[in-house]
Structures are given as C-alpha cells and as structure tokens.
Amino acid sequence: MAFPPRPQFTRGNFNPRFRKEQQQEHRTNHMIRVPQVRLVGDNVEVGVFSIQDALKLANEQGLDLVEISPNADPPVCRIIDYNKFLYEKKKKEKEMKANSKVSEVKEIRFTPNTDEHDFNFKAKHAEDFLKDGNKVKAYVQFKGRAIMFKERGELLLLKFAERLADTGAPEGLPKLEGKRMMIIFAPKSQKKKK
C-alpha cells in the first residue's frame, strides 16, 4: 500500500499563525510582557507603574515605552521616541569608533651594508610612524654569505634603537630568526594634541 503524497513546503508559503515580531534590541510598547515596570527619565514621575498605566502615559505624550534594563526587578522603562533613541545611540557608537585608533606594525628593512644616508632616511620614517602611534618592526635581511656579518646587523639595529630613543622604546634586544635579525619598537606614550 502506498503512502499519500506529503505536502511540499516551499519557501514562499505563508503561515498566518506564525507571526514573527520585529527583532529589536529593546522591547517597546506592547512587546513588554510584565505586570509592572519602573519608569525613569524626563517629564515622568519616577516610580513603579502597572504596564497599562505606563503605556497610557506614553500614548498621551505620543512617545514609546522602551525597556532599558530588562533584568531589573521590576524592569526599568523610559518614555522616549524610540527612533530618535536608536539614532543617538548609533551616532555615539560611530563617534567612539572614529576616536579609537587601531595601531599597525610598520616594517623598516635594512641590509648589513646600509649606508648612512639610507639609515637616516629610514630612521626619519620610523620616527614619523612612532609619532602616529604605530609600532615599528626593524629588521636586517641577510642574503647569501652575508649571514657571516651578524655583528654588523646587530650593531646597526642597536644604533637604530639609540636614534629612536626619544620617540620609541624597544620591546627587547635584537634577535636572529632565520636570515633576519629583528627588533620591535613601541611608541612612547605622549599627551594627546589638542
């Protein structure tokens, strides 16, 4: 005996019993399902109100009842314009993000035979990077048999550290990794310019 065909559900089917409430960060108005709330904020008497009274107050003012602290007992709500509240919050977050600077690691490359002019040029760039708040990773690249002159590379990096003493502090001594000898400088803390 064959089974009856199963109904095929496609993505486009609409189920009227399943009503998806809009996903918000805060519960507002009729989404708040508690018997009592504590009202705080401007132009409102601070205290504990029933949910019906709080909604009535919000409707009289033409604003929204927004649940600010859902874990409190009773939950804390404010009567505000929800869209304006979200706009202000986004604006504040954007401002904070703009003010926070992510520091990068800038690399400066030398060879054991770097001339004085090149050294000064690279040191000036490193000072600028450190003043901008970035870290600087300086390394001497040894090619072929140049690895025999490890001391030259170490002296070059120590001279570089001495040159950057005003703007940056080395995070350690020069160390050899493979065919590279490197040292990392962190910017010295300085007062923000106004």
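**Entry 1: two helices**

I note that the model is a predicted one. I then looked up the extent of both helices: H3 covers residues 116-131 and H4 covers residues 150-163. I recorded an angle of about 45° for their packing, with the axes 10 Å apart.

Sorted by class, the contact of H3 with H4 holds 5 nonpolar, 1 polar and 5 charged residues.

**Entry 2: the sheet**

I turned to the strands and found 4 of them in an open sheet, ordered E2-E1-E4-E3, with mixed pairing. Which strands stand at the edges? I found E2 (47-50) and E3 (64-69) there; each has a single partner strand, so one side of each is left without a neighbour in the sheet. I noted an average twist of 45° from one strand to the next.

I then followed E3 to its partner E4 (residues 76-80): the two run antiparallel and are joined by 5 bridges. Within this pair I located Val 66, which stands opposite Arg 78 in E4.

**Entry 3: a helix on the sheet**

Lastly, I examined helix H1 (residues 51-61), which packs on the sheet. I recorded that H1 touches E1 (36-40), E2, E3 and E4. The direction of H1 makes about 95° with that of E2.

Notes:
Residues numbered from 1 in each chain as written. Predicted model: local features only at pLDDT ≥ 70, side-chain atom pairs only at ≥ 80, totals over all residues. Heavy atoms only, no water. Pairing = 2+ DSSP bridges. Axes fitted to C-alpha atoms, helices over the stretch in contact; angles between N-to-C directions. Contact = heavy atoms within 4.5 Å. Nonpolar A, V, L, I, M, F, W, Y, C, P; charged D, E, K, R; others polar.
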